[in-house]
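Thanks for asking me to look this one over with you.

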Amino acid sequence: MNGLLQNHQSATWQSRIKRWSVAMVWLIALPTATAADPPSHPLTAIEIAGVSLATLAEKIPDILQTQGYTQINSSLYTKSEAASNGRSMVYRVEIDDTVSARELSYSRSLTGGRNKSPSSRDAAIPDGEIAMVRQLYDAVCNVGEDLQSERKCAPPQPAIIMINNGMMLTIDANHSVLLKASDSSTSVVVRGSRIE
């Protein structure tokens, strides 16, 4: 009888030790998994001409060349399209990668031609840009009223969307943006630090 009781107690303790071991492994692994995969900032995923802060550098040339951009140097890509009155629409995408940060900039502007008259102020931002511009605006301006006011989030209009009067805005210690989009020209910059 004594032997049976000892075997039962030994089995009970072994079962408890196994459960505690499994629990300890989970407790040790849980903080590691959480620390290894921090939540990403909304600005990281926004694509500017198909490129985001998270896009692998070796994929960028193919992404932009597929859209008709020509690589000018290691960081600058441009393309041009005919516009009205003998003018051209010029697009520039620049990717500035450093060890500590990546900066994406995009611009669209009209050049050339004899007729320099301004475009109609009720013309809308082009369809090819509106999704990118709205995503960027929403990421920065879908915040409380005080922060909206501080970031100078002008209410979006079909013909113009702007943040901080079109000047560079520091969002936090790791991210900055510039957004000024209109029917006639657009300037966008997104900067993000590489967080180790």
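1. Asn165 is exposed, with 54% relative accessibility; the classes are buried under 20% relative accessible area, exposed over 50% and partly exposed in between, using a 1.4 Å probe and protein chains only. Asn165 also has a positive phi of about 55°, although it is not a glycine. You will find Asn165 in the loop between S5 and strand S6 (169-170). Helices (H or I, at least four residues) and strands (E, at least two) are DSSP runs, numbered from the N terminus.

2. Please keep in mind that this is a predicted model, where local features need pLDDT of at least 70, side-chain atom pairs count only at pLDDT 80 or more, and totals for chains, interfaces and linings use all residues. Residues are numbered from 1 along each chain as its sequence is written, and side-chain values use heavy atoms, leaving out hydrogens and water.

3. Lys152 is another residue other than glycine with a positive phi, near 50°. Lys152 sits in the loop between H5 and S5 and is partly exposed, at 40% relative accessible area.

4. How many disulfides are there? The count is one, taking a disulfide as a pair of cysteine sulfur atoms within 2.5 Å. Cys141 and Cys153 form the bond, with S to S at 2.0 Å. Cys141 belongs to helix H4 (residues 127-141), while Cys153 is in the loop between helix H5 (145-150) and strand S5 (160-163), twelve residues apart. The link is left-handed, with -85° about the S-S bond. Cys141 is buried at 1% relative accessible area, and Cys153 is buried at 12%.

5. Lys79 lies over the face of Tyr91, 5.2 Å from the ring centre; the rule asks for NZ of Lys or CZ of Arg within 6 Å of the ring centre and within 35 degrees of the ring normal.
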